[in-house]
Amino acid sequence: MQDQSTDRLFATLEGAAKHADEAALTASLVRNAGLSDQARAMISHRAAELVREIRSSQRPTLMEHFLAEYGLSTREGVALMCLAEAMLRVPDKLTIDALIEDKIAPSDWSSHVGRASSPLVNASTWALMLTGKVLDDEGPRMAATLRGAVKRLGEPVIRTAVGRAMKEMGRQFVLGETIQKAMERAKARESQGYTYSYDMLGEAAMTAGDAARYARDYADAIAAIAHGCTHAAVKDNPGISIKLSALHPRYEVAQEDRVMEELVPVVSGLARKARAAGMGLNIDAEEQDRLVLSLKVIEAVLKDPELAGWEGFGVVVQAYGKRAGAVIDWLYRTARKYDRRLMVRLVKGAYWDTEMKLAQVEGLEDFPLFTSKVATDVSYIANARKLIGYADRIYPQFATHNAHTVAAVLEMAEGIEYEFQRLHGMGERLHDIVIRQGNGRCRIYAPVGAHKDLLAYLVRRLLENGANSSFVNQIVDEDVTPEEIALDPFDALAGAKAPQGLEHPRALFGEGRRNSRGFDLTDEEVLAGIYAVRDVQIPDAGPLVAGVVSGTARDVVNPADGSVVAQVREADEACVAGAIAAAAPWDASPDQRAVVLKRAADLYEANFGLFFAALAREAGKTLNDCVGELREAVDFLRYYANEGARREDAPRGIFTAISPWNFPLAIFTGQVSAALAAGNGVLAKPAEQTCLTAAIAVRLLHEAGVPAPALQLPARRWPGRCAADRLGPGAGRRLHRLDRDGEDHPPGHGRGDDPRRPAGGRDRRAERDDRRQHRPARAGGTRYHRLVLPVGGAAVLGPALPLLARGYRAADDRDDQGRHGRAARGRSLAAVDRRRPGDRRRGAQRHCRLCRRGARRRAPAARAAGARGRHLRRPHPAAGRRHRGNGARDLRPGAACRHLQGA
């Protein structure tokens, strides 16, 4: 447990500090930097001279050439970035081939031929150009045919070449596949005065086994590095960098107690080994979500009395984070509290793109990072000044490849001990000059690991340095003058802007639609607030209808512990009949309906505690699922409000919305809001397991202004196959139906007493359609929304507001899948997701390349046993040889059709 003073220090790093106002914060940083106009001018002049010397000293590295030619400003650079990143998740060779074709073929590689001064880059460009031409099938028929043949023959070669290129690129960033190879390769630079900090590649542990393996790798690396620790001072010896997320599979705020109990001993053990070896150990920076948790682990380790007197414990601080200065203050106070001297590596940050996108997706109050590179540069210099002022307890380590930043440190850090740091394969010439001029030492951050662990790190490095604003990118671009590269960020701060397209999290969907409110579940203040407001009594539920309420009550049981949550009163047939009789379309203008739905969205967010309580106790949802469920429901309300306001179509009538139990709020709200936005009346039938959640939602919709006849909740348990058929006596006569011809039929039109029976008698096709539509849906796994129309049995999948506001063609399973897995033609459902994931597996068929007939997909076990499609139960005559005339591949005797795949 943390003491109260420590808790107060952590409190300054949470809540508002994480999303502080950027303008006010940067103004404070400018003051803290304390640089006069004359000092800043001297720094810029010194930086420009460094740039000139870099350009005149020696040829750029292969990676600098590559980034200059294929930066992220070019289509080809983006294609290569996508290719490298996507190969992290490529499952098989066929997917690799498709990926290469998608990313390489469309690009204009010929425009890059001969432009780079590096022959290796030019050779790569020629290879990419030829590959693109081979993979591009466009052109005259004969040329396309020949290219297709070359493509089939050449795909393995192309795949191998691209894989080799990725490995060669990785070699520029990774020192060695093993710690022994890396240390051997490091000797050349060590003889020039450099030291190393080795980083064993591994972003995060997914399982306890992963965490144990990473811990062993770190321990083995420390033992190997110890042989190179021949100096008395820690700062002169090589060190190691570790990631906390690699040492625990549940390294997250929600698991804090478990993390402190299980992770702290592991980190303490590694720190003791490093202390015994006389080397430094740095805790690498993690995401902003885990910043405070990381500091709690760091403090718990620093308490270890066996680490007293050791000056090798290090922490990484990211200058692009709004809390960087507060973290440095906390580290200094903690070092004094436990009588330690810490190493602090100040970096600019490596996860900017990810952090910003997560803030948008999660709907946070603001970004946790600075939105411009200029602001990050100012933050780095201001916090460098702070580290220099804390030199009595902190050994500053300045990690940068930027000439202006290096010049600023050289200007400010006179008279103290410090070191520069750079990444292996980057910033070589800049730091060679600094060392040669006798301006301090430099440590190289050197990743170590196999190719399979490389790509995540490689992509991060390319993203950092492939942008136009990157110093590494600009240094080889002769069109950018040294003075431009060395511009003072303090002067540029007033005009600094976020990159184009970076929208505030709340404005992610544009002016007309506000993003749903997010909940930062990594912030203890937010968690405490949620726990307080969701500790409420969930009200009982019952029919919310415009008619007379009648029925019997039953208990709703918590699926987690069996306790009674509340009671629900289930409507009887008389209550349902009354609701159907009272049902009416929503008699309001589209603009009025939109205002009401947006008001309902606000009420949903205001009552988040009640929703979270119901979703957890009734539906068994985790807190993270509760947040996602509520936000999706709010997004539906605002989306359909905007869509409905743009339409003037007349309402269709009364709809019955039947929702599943696994998304009791999101899908329920999506169905209801889609129909209401178009002016229809709705009978909402929730799953029997989640009536409480539905009742809360309907009450809030009524409170927002939806009239009771337009939205009713006849909560009831249905014993039959299809709940839509059992809304009550005469239901089919009151509700509209959509038939296969897409026409809207008034109640009873062309029907006998049975609303599902055609006037001329019942045919096989109608019976089959009913059987398919009445088949119970599989529980779980779908996010698609279903509006069931009892008459005719047609299912409409959404979100599909246009379908509710105008005529459309209803579809059954056969129409969705087609005879051979094709979508039915001429339907207006083309823009709507209309199949559940399971439908693609259950009914989809493919052509057999041998006989051109449909082959049903079979499970992997059946394939392994040589099972064929239904039409291939006997050995095919082509088995074991090429089947001429249709392009089929060779098949082994008993082999399965090549199109079969697991269900």
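Biologist: Is helix H15 mostly covered or mostly uncovered?

Modeller: This is a predicted model. In it, H15 is mostly covered, with 12 of its 17 residues buried.

Biologist: Which residues of H15 are buried?

Modeller: Start with the general idea. An α-helix has 3.6 residues a turn, so residues three or four places apart point the same way. Now the case here. The buried residues run through Ala375, Thr376, Asp377, Val378, Ser379, Tyr380, Ile381, Ala382, Asn383 and Ala384, and Leu387 and Ile388 complete the list.

Biologist: What covers the buried residues of H15?

Modeller: Both helices and strands. The cover includes helices H2 (22-33), H13, H16 (403-412) and H21 (489-492). Strands S5 (342-347) and S6 (394-399) are also part of the cover.

Biologist: Which residues lie nearest the centre of the largest cavity?

Modeller: Ala285, Glu286, Leu291, Val316 and Gln318 do, out of 19 lining residues. By class, the lining has 10 nonpolar, four polar and five charged residues. Helix H12 (291-302), strand S4 (313-318) and helix H13 (324-337) each supply at least two residues of this lining.

Biologist: Now single residues. Is asparagine 237 buried or exposed?

Modeller: Compare its relative accessible area with the cut-off: buried means under 20%. Asparagine 237 has 1%, so this residue is buried. Its place is the loop between helix H10 (208-225) and strand S2 (239-242).

Biologist: What does asparagine 237 touch?

Modeller: Leave out residues up to four places away in sequence. Asparagine 237 then touches Tyr196, Gly228, Cys229, Thr230, His231, Gly278 and Arg443. A polar atom of its side chain lies 2.9 Å from the backbone nitrogen of histidine 231.

Biologist: What is the relative accessible area of glutamate 573?

Modeller: The value is 44%, so glutamate 573 is partly exposed. Glutamate 573 belongs to helix H23 (residues 573-582). Glycine 551 is 22 residues from glutamate 573 in sequence, and the two are 8.3 Å apart in space, C-alpha to C-alpha.

Definitions and conventions. Residues are numbered from 1 along each chain as its sequence is written. This is a predicted model: local features need pLDDT of at least 70, side-chain atom pairs count only at pLDDT 80 or more; totals for chains, interfaces and linings use all residues. Side-chain values use heavy atoms; hydrogens and water are left out. On a 1 Å grid over the protein atoms alone, a cavity is a set of points where a 1.4 Å probe fits but cannot get out, and a pocket is an open set with protein on both sides within 12 Å along at least five of seven lines; lining residues have an atom within 4 Å of a point. Helices (H or I, at least four residues) and strands (E, at least two) are DSSP runs, numbered from the N terminus. Ala, Val, Leu, Ile, Met, Phe, Trp, Tyr, Cys and Pro count as nonpolar, Asp, Glu, Lys and Arg as charged, and the others, Gly among them, as polar. Buried means under 20% relative accessible area, exposed over 50%, partly exposed in between (1.4 Å probe, protein chains only). Contact means heavy atoms within 4.5 Å. A polar contact is a pair of N or O atoms within 3.5 Å; within protein, one must be able to donate a hydrogen and the other to accept it, and residues adjacent in sequence count only if both atoms are side-chain atoms.
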